[in-house]
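Subject: Structure for you to look at

Hello,

Here is the structure I said I would pass on.

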Amino acid sequence: MTQETALPSSVDVAIIGGGVIGASTALALAQAGVSVALFEKGTLACEQSSRNWGWVRTLNRDLPEVPLAVRANQLWNELQAQTDVGFRRTGILYLQENAEDAASQQTWLDGARAYGVDAQLLDRMAALRHLPESRRRWTGALYSATDGVAEPGLATHAIAALARARGAHVFEHCAVRGIDRSAGRVSGVITERGRVAAQAVVVAAGAWSRLFCGNLGAEFPQLKVRGSVLRTDAFDAGLAATINGKDFTCRKRADGGYTVSQFGASMADLVPDSFRLARHFMGPWLANNTFVKLRFGKRFFEELATPRRFGHDGASPFERCRVLDPQPSHAGVAQAWRRLVDAFPVFRGARIAHSWAGYIDVTPDALPVMDRVPGIEGLYLASGFSGHGFGIGPAAGEAIAGMVRGDTPAFDMQPFRFSRFGP
């Protein structure tokens, strides 16, 4: 994609963050004829948007997200018809090992059916038809034939290219240091290359959103969780479906390999914000401490040294660190691999090619904020997707674009309001 260098003097909407949410919002606005510029401090999808599992799922989502997931499933298919985002309807299975698993999945299905999900419970024999020979006694699965995957390495770049083809400006290596205000509302953004006037600004900055909002006086309760993932070389395991095996996950990649991880491969670095936000996060952490481990290390001191307040006339924290590139948890990905091989011995023949990590932006209730930022007219936040953002990205972008334009929302956006966390 040819890089733009000259900033426009003004646009209708400025978007901060070049991940899947920002790119999808830019595309939706450009398609509606809105003048838009997207600013990314590093390169497109340089953080979590290229480091996630690549799942496009409706299954087992928090119910408020299900309508967005159903819409996103449609949008991914439409995107694939225009450009290669790697979208394929592989089918997704959440495997069961006992009656308790089946009861939990039935409860979810009962609640989600009202939103038109394409999902069903499979018995043991029906589930096994999707799987290679296994040592574990799967008793069934929650299954959607129309759920699938897209390729994180392709998708955001392809969506941004579509946005540019429809008139959007896309700038990489161009950090936004802050916003301009006039008469109590947003009037533009201040970038490291200069000012761009704008009537509205969308913060879709992923793990950086709390720092950006905090500098404006808006308290957004968000922490980072480090997720670790591995991939194999190309290998035929006889497994085309995407699976959640309870203590591991696996999906076929477009390059012929498999992406493998587990929820237990996630780790939260203890940082100063961990203590500032303890009242919001302590309960959720205690309820999920088998999935997310706490670790104290150098990240504490890195964030302690990061200024929480900064001006527009010098290099911002977003320029001093353009890409969060954490090391993977080698123990976590090794455990996920052992569990996959123990469950499906055919994977003994595969070779691990690479492992990586990324910082997931999380909120206390694991739901994103998609809302106006209180007290700053014209500022919108789309962040805190808690590891769910890639799959619903196109629909989230469409919803945020509609909010900025003043459209009547197609979904109930109340669960995603900024104010739900209180003062």
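Predicted model: local features only at pLDDT ≥ 70, side-chain atom pairs only at ≥ 80, totals over all residues.

Cores. The largest nonpolar core has 52 residues, and Val-13 and Trp-76 have the most contacts inside it. Among the elements that give it two or more residues are strand 1 (10–16), helix 2 (66–82) and strand 11 (194–203). Helix 12 gives the most, with nine residues. Leaving aside residues up to four places away in sequence, Val-13 touches Leu-29, Val-34, Ser-35, Val-36, Ala-37, Ala-200, Val-202 and Val-404. A second, separate core has 36 residues, including Ala-14 and Leu-211.

Pocket. The pocket holds about 600 Å³ of space. Its lining is made up of 15 nonpolar, 12 charged and five polar residues.

Thr-363. This residue sits in the loop between strand 18 (352–362) and strand 19 (369–372). Thr-363 counts as buried because its relative accessible area is 4%, under the 20% cut-off. A polar atom of its side chain lies 2.7 Å from the backbone oxygen of Leu-367. Beyond residues up to four places away in sequence, Thr-363 touches Phe-220, Pro-221, Phe-281, Gly-384, Ser-386, Arg-420 and Phe-421.

Regards

Key
Residues numbered from 1 in each chain as written. Heavy atoms only, no water. Helix = DSSP H or I, 4+ residues; strand = E, 2+ residues; numbered from the N terminus. Buried < 20%, exposed > 50% of the residue type's maximum accessible area, 1.4 Å probe, protein only. Polar contact = N/O pair within 3.5 Å; in protein donor to acceptor, adjacent residues only side chain to side chain. Contact = heavy atoms within 4.5 Å. 1 Å grid on protein atoms, 1.4 Å probe; cavity = no way out; pocket = protein on both sides within 12 Å on 5 of 7 lines; lining within 4 Å. Points joined across faces, edges and corners; volume = space filled by probe spheres on them. Nonpolar A, V, L, I, M, F, W, Y, C, P; charged D, E, K, R; others polar. Core = buried A, V, L, I, M, F, W, Y, C linked by side-chain atoms within 4.5 Å.
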